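Welcome, and take a moment to look around.

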Amino acid sequence: MLASLGNAALHMLAQPFYYIALLFIGLYFRRQTLLERRLIHVKLHSWGREIWRAIWTGLAAGILVSLAAVLLGVSVTGPAVVCIWVVSLVLLLFRVRYFCFAYSIGLLGVIQFVLSFFPGFLPGGLGGEAVTAVRGMDIPALLALAAILHVVEALLARWQGPALATPLFLEGKRGRVVGGYRMEAFWPLPLFLLVPAGAGVGVLPWPTLLGGGLGLVSLPVVIGFSQLTTGMLPQSKAARASRRLLLCGAVLLGLALLAARYSPLTLLAALAALLLHEGLVWYGALEERRSSPFFVHPPHGLKVLAVLPGSPAQELGILPGEILLKVNGEALTGKAQQLHEALRKSPAFCKLEVQNAAGESKYLQRAIYDGDHHLLGVILAPQPDEYTTAPEKPAGIVGIALMKTGARRRPAGASALPSQMETTAAQEIAAAQEVAAAQETATAREAAATLPGPGTPGPLSGSGRAKSAKR
């Protein structure tokens with residue numbers, strides 16, 4: 001077993017798949033930094049630090065998942081590893097979130113079911129090797145592995161998701177710009193799985209649920225999650241997503257173990273791997289459409305979207321979602337310029353009145369020293385007429401590879417809300433009607449003034465009334 005582990009580790013370092021995963025993750029975090037600079041003009045995340053965190057977290061998670069998979073008896077062949085990665089890379093071309101082990105195994109399970117109707121189909125060359133590898137896959141065991149990865153993904157989303165959240169300016173309902181967060185992260189996991197039990201393979205010294213022989217094969221995988229929220233804090237969104245991923249993993253694990261005992265259920269389990277994941281994405285998007293935006297400025301105060309790490313605001317304990325009510329005694333009424341003006345009144349010291357999530361006021365004060373980051377260090381929710389916005393849809397592989405942030409400038413006039421536009425138009429029409437009526441009245445009075453009245457100087461009196469109407 002130790003010799004097989006050494007060979008599998010060398011094979012992991014020699015094959016390109018783990019390095020492809022690292023390259024993809026590096027490009028993604030680099031693009032995240034560029035997007036933050038484009039929207040909020042500072043970076044909240046260091047792409048080098050985030051890559052390192054993804055590597056060591058994925059390594060630790062890979063060791064734990066490998067132990068669980070070996071105890072269950074999950075097995076895979078070398079050619080099957082290549083098939084899994086080819087399918088993953090093809091799915092990546094369609095959408096980044098398809099770069100997931102559950103999608104690959106679910107699709108391969110469907111392909112294996114289709115191939116079962118054509119037992120004599122065996123093309124030559126690489127195609128024949130791929131067909132043989134797919135037919136020999138233990139799909140229920142690999143689906144059980146996908147369920148375990150769902151559990152690990154849920155735990156990582158709960159643990160690291162809020163720290164990886166990127167604040168965004170998004171175009172919301174009725175054309176107004178609202179604040180939000182995208183929590184999107186990926187982790188590369190180096191896995192070591194058993195070889196399939198068969199002739200010439202040693203027997204494991206413990207009973208397993210899913211078989212497997214004495215020997216190890218390396219399988220690098222990538223797990224990740226993606227959530228967009230405009231209606232709640234990142235911590236709450238990450239906790240909700242984590243609970244749903246845990247439930248999804250438990251259901252998939254149960255179906256996989258049933259399929260291992262009763263093979264006709266394999267297709268159902270494979271479809272569940274695809275549909276459960278898509279169902280979570282669809283339901284999350286539906287919730288966001290139905291929810292009211294949270295990161296918008298109230299009538300009195302300024303809503304905090306994010307806090308820069310290491311800033312005076314973080315030291316004071318200001319949190320995202322809280323409302324700045326007063327700065328240096330000046331009440332804020334929803335304009336970001338007021339905050340800068342109030343801070344300039346006392347550049348060496350600031351006093352704040354902040355409303356927390358419970359609606360209670362807290363009073364903070366702190367000296368401002370030379371070199372402090374951006375004076376206070378808060379990122380405010382966007383103004384309704386903010387010009388630069390980010391797309392709601394996550395980036396594709398082409399956008400990540402080319403470092404395209406997707407941020408765009410809104411056309412002039414697009415920031416006005418329909419209700420405001422309608423009100424403005426109505427006011428303009430009413431004003432035009434009043435002017436026209438005044439002009440008609442003035443013309444009529446001037447015409448009447450040309451007729452001399454008994455004993456009165458009509459032209460002088462009519463001229464005076466016309467001037468009064470025009471004013």
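Which side chain does a polar contact join to that of Arg366? The partner is Glu315, and the contact between the two side chains spans 2.9 Å. Keep in mind throughout that this is a predicted model. Arg366 sits in strand β8, which covers residues 361-367. Its relative accessible area is 14%, so Arg366 counts as buried.

**Salt bridges**

Let us turn to charged pairs. Side chains of opposite charge can pair when their charged atoms come close. Searching the whole structure turns up 8 salt bridges. Three of them are set out here.

| Glu278 | Arg97 | 2.4 Å |

Start with the salt bridge between Glu278 and Arg97. Glu278 belongs to helix α9 (residues 266-290) and Arg97 to the loop between α4 and α5, so this pair ties together parts that lie 181 residues apart in sequence. Glu278 is partly exposed at 26% relative accessible area, and Arg97 is partly exposed at 21%.

Glu287 lies in helix α9 and Arg240 in helix α8 (residues 234-261), so the pair ties together parts 47 residues apart in sequence.

**An enclosed helix**

Now find helix α7, residues 139-160. From its first C-alpha to its last, this helix of 22 residues reaches 30 Å, close to the 32 Å expected at 1.5 Å a residue. How many of the residues of α7 are buried? The count is 18 of the 22, so α7 is largely enclosed by the rest of the structure.

**Cavities**

Finally, look for empty space inside. Rolling a probe the size of a water molecule over the atoms shows where empty space is left. Across the whole structure, 2 cavities of 30 Å³ or more are found.

The largest cavity has a volume of about 140 Å³. Its lining is made up of 14 residues, and those nearest its centre are Tyr28, Arg31, Leu35, Arg182 and Glu184. Two or more lining residues come from each of α2 (17-40), β1 (166-171) and β2 (177-195). Of these, α2 gives the most, with 4 residues. By class, the lining holds 7 nonpolar, 3 polar and 4 charged residues.

The second largest cavity has a volume of about 70 Å³. Residues lining the second largest cavity include Trp85, Phe99, Phe101 and Pro220. Here the elements giving two or more residues are α4 (78-94), α5 (101-115) and β3 (213-229). The lining of the second largest cavity divides into 8 nonpolar and 2 polar residues, with no charged ones.

How values were computed:
Residues are numbered from 1 along each chain as its sequence is written. This is a predicted model: local features need pLDDT of at least 70, side-chain atom pairs count only at pLDDT 80 or more; totals for chains, interfaces and linings use all residues. Side-chain values use heavy atoms; hydrogens and water are left out. On a 1 Å grid over the protein atoms alone, a cavity is a set of points where a 1.4 Å probe fits but cannot get out, and a pocket is an open set with protein on both sides within 12 Å along at least five of seven lines; lining residues have an atom within 4 Å of a point. Grid points are joined across faces, edges and corners, and a volume is the space filled by probe spheres set on the points. Ala, Val, Leu, Ile, Met, Phe, Trp, Tyr, Cys and Pro count as nonpolar, Asp, Glu, Lys and Arg as charged, and the others, Gly among them, as polar. Buried means under 20% relative accessible area, exposed over 50%, partly exposed in between (1.4 Å probe, protein chains only). A polar contact is a pair of N or O atoms within 3.5 Å; within protein, one must be able to donate a hydrogen and the other to accept it, and residues adjacent in sequence count only if both atoms are side-chain atoms. The expected span of a helix is 1.5 Å times one less than its number of residues. A salt bridge is a side-chain nitrogen of Lys or Arg within 4 Å of a carboxyl oxygen of Asp or Glu.
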